[in-house]
Amino acid sequence: MSAVPATPRRNASFEPTTPPGKRPDRPGSHVQASSPHYTTTRRHSLYGTEDRIILDPGSRVWKVGFSGEGRPRDVFAVGSEGGGLWRLSSASGSTDRNDEERQLEAKMQSHLRSVFHDSLLTDPKSRKVIIVEHPLLSLSIKEIMARILFSNLQVPSISFAPSHLLSLLAVGRMSGLVLDSGHLESTVLPVVASRPLYPYLRTTPLAGSRLTSHIRALLLVFGTYLPPPTSLSGAANIPTATRSTRVPQEVLTDAVIEEIKTRCCFVGGVLDLPSAERSSTPLAAAPDDSMSVDIPPSEPPSDSGISRVSGSMDMESSRHSSSPSTASDAIYAMALSQSYGRPTENHLQAIATMYTRHSTATDLCIKVVPPVSQQMGTGRGTLIIPGWIRERAAEFLFAGGDVDECSVAEVVLESLLKVPRDLRKDLASSILVVGGTAMLPGFIPRLHTELLRALTPHEDADRNLGRRSYSPYSTLRPLLPFISILNNPSPPPPATAKSSAGRAPAFSPAALPWVGGSLAGALKTGGEEILRERWDEATHGDGDPDVSIEVDPVTPGASQRQNRSGSILPDWSQSPLPIGAPSAAAAPSTPLITVS
């Protein structure tokens, strides 16, 4: 029997002392000696004025904190009911657009004041601010943010830093292909030698906002709701199957959908069905509305309000919701049909049956606030979430084939197709996935699988005609052994000795841009600073009297303020792209010598 290893003991001879050359504090003296653990007299963390404010403003979630720290001090949700703080598209009319900007400015001013006075408890007049900037962030939003920080909060300076570049900085890389899957859209941007290659940026609207709408539509069609019993005796005597109804639309609030998305859903693996089963899928089978509803009783709810449903729900016997009974349900069913490519109700039922047969996830029940018409009962209602919805709700993020709405794997490959050939290998071996949607369990491994599937030649080529099936990514197939994701939590066995899959630090994908901004602020490399004096000169100066400025008749000062302030804010879409390497000098022309 082997001996139990002894616990290592601390060296008793070690005594921490003040380093030589440092004088201790003298009584009554205003001179403060530096800490024995730091080489400067700077106070750290909350009390130091040299630490910059790192602000990562998203359309749905904001992350704020101080530079030099490993995680944000506060993370909070912004936006109104039903959406984020801003949208991808603005209003068409000038009056509606101006009203929308005024409302956005009022909301953003409230959030920014809360950042300094509630979250960070610091004076904004003595803090420089680094803003983590999304590449497609509108210039008007940046102008509103800068105007509030300079005019209202009076910060000394602000600087904008690209979020994709900061994400690579957080994992110790200078080059890579960054996929940012946020709330409004998923964006892919290659970065080479710390320079973002904006002309090769690719984006898709398949992101968190679309996932929220998709989960709501699935629950309205396939979910089950148990209203609260009218009395305590009814809760014990009335069977659960008798009380089950369709899910009311009032129950699925944004808070409930967000909780389901963040705590219940995950991304399942690739569902490879045999050809025989794929051909025998009952796409034309009509649902039987005469089937009785049979829902097994649920377990007592846990402290979190979520509990499992004992047993598995039989889709064939409990599909009372397969035929929509209201107009709103019909609209959501049509949206689901369009997302799957078939405008029929039977196709939805066939997909639900197929996913239920191959799903290993259990059904969950969550306590929700009942509608106003049912609040006279006892307690709260119960929402039963089918297991296949938890596992396959994010399936549309990886379903490609649409030109306007590419999948997240397709935008990565499209960006690789656009970059020069000599950069493809390095970028394909350094893929980084960030964003809130990437926090779904199984998202990154599924993305890696989809990338490999898109590059692998199909075995079912048309051999009868003697030709291969067309693949737009056939030129990227030599990169197949080098595809690797830096922050893959479960990396596959490395195909090459220099594979970098899974070697990134274990930061959450949603916090990587902020961590990079914290590191950039600590290193004093947060980008070009815009001083408050320069902003005041640009916005309140007289300017050139010879330059004519177009004035909006609705808001006379809007265009003038936009032209003045927008000129000093960084905007890669308006600035000329850097010139590449100079062309080779032409060889001097020499007269031809004829030899007779």
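Helix 1 (residues 94-119) lies across strand 1 (53-57), strand 2, strand 3 and strand 4 (129-133), and runs at about 35° to strand 2. Contact here means heavy atoms within 4.5 Å. Axes are lines fitted to C-alpha atoms, for helices over the stretch in contact, and angles run from 0 to 180 degrees between N-to-C directions. Helices (H or I, at least four residues) and strands (E, at least two) are DSSP runs, numbered from the N terminus.

This is a predicted model: local features need pLDDT of at least 70, side-chain atom pairs count only at pLDDT 80 or more, and totals for chains, interfaces and linings use all residues. Residues are numbered from 1 along each chain as its sequence is written, and side-chain values use heavy atoms, with hydrogens and water left out.

- Six strands form an open sheet in the order 3-2-1-4-5-15, with mixed pairing. Two strands pair if DSSP finds at least two bridges between them.
- Strand 3 (74-77) and strand 15 (529-531) are the edge strands, and each pairs on one side only.
- On average, neighbouring strands of this sheet are turned by 20° against each other, direction ignored.
- Strand 2 (residues 61-66) and strand 3 run antiparallel, joined by four bridges. Val64 stands opposite Asp74 of strand 3.

**Strand 1**

- Five of the five residues of strand 1 are buried, so the rest of the structure largely encloses this strand. Buried means under 20% relative accessible area, exposed over 50%, and partly exposed in between (1.4 Å probe, protein chains only).
- Both faces are covered: Ile53, Leu55 and Pro57 are buried on one side, Ile54 and Asp56 on the other.
- A hairpin of three residues joins strand 1 to strand 2. The two strands run antiparallel, with five bridges between them. Asp56 has Lys63 in strand 2 as its bridge partner.
- Strand 1 pairs with strand 4 in the parallel sense over three bridges. Leu55 stands opposite Ile131 in strand 4.

**Nonpolar cores**

- The largest nonpolar core has 62 residues, of which Leu219, Ile260, Leu383, Phe443 and Leu447 touch the most other members. A nonpolar core is a set of buried Ala, Val, Leu, Ile, Met, Phe, Trp, Tyr and Cys residues joined through side-chain atoms within 4.5 Å.
- Helix 4 (residues 208-222) gives the most to this core, with seven residues.
- Leu219 touches Val247, Leu252, Ile257, Ile260, Leu383, Ile385, Pro386 and Ile389, not counting residues up to four places away in sequence.
- Another core, of 35 residues, lies apart from the largest one and includes Val64, Ile144, Phe160 and Leu184.

**Salt bridges**

- The whole structure holds 18 salt bridges. Each is a side-chain nitrogen of Lys or Arg within 4 Å of a carboxyl oxygen of Asp or Glu.
- Arg147 and Glu143 form one of them (2.4 Å, N to O). Both residues are buried. They are about one helical turn apart, because they sit four residues apart in helix 2 (residues 139-152).
- Arg392 forms a salt bridge with Glu391, with the closest N and O atoms 3.6 Å apart. Arg392 and Glu391 are both buried.
- Glu450 bridges to Arg453, with the closest N and O atoms 3.7 Å apart. Glu450 is buried, at 9% relative accessible area, whereas Arg453 is partly exposed, at 43%.
- Salt bridges that share partners join Glu391, Arg392, Glu395, Arg446, Glu450 and Arg453 into one network.
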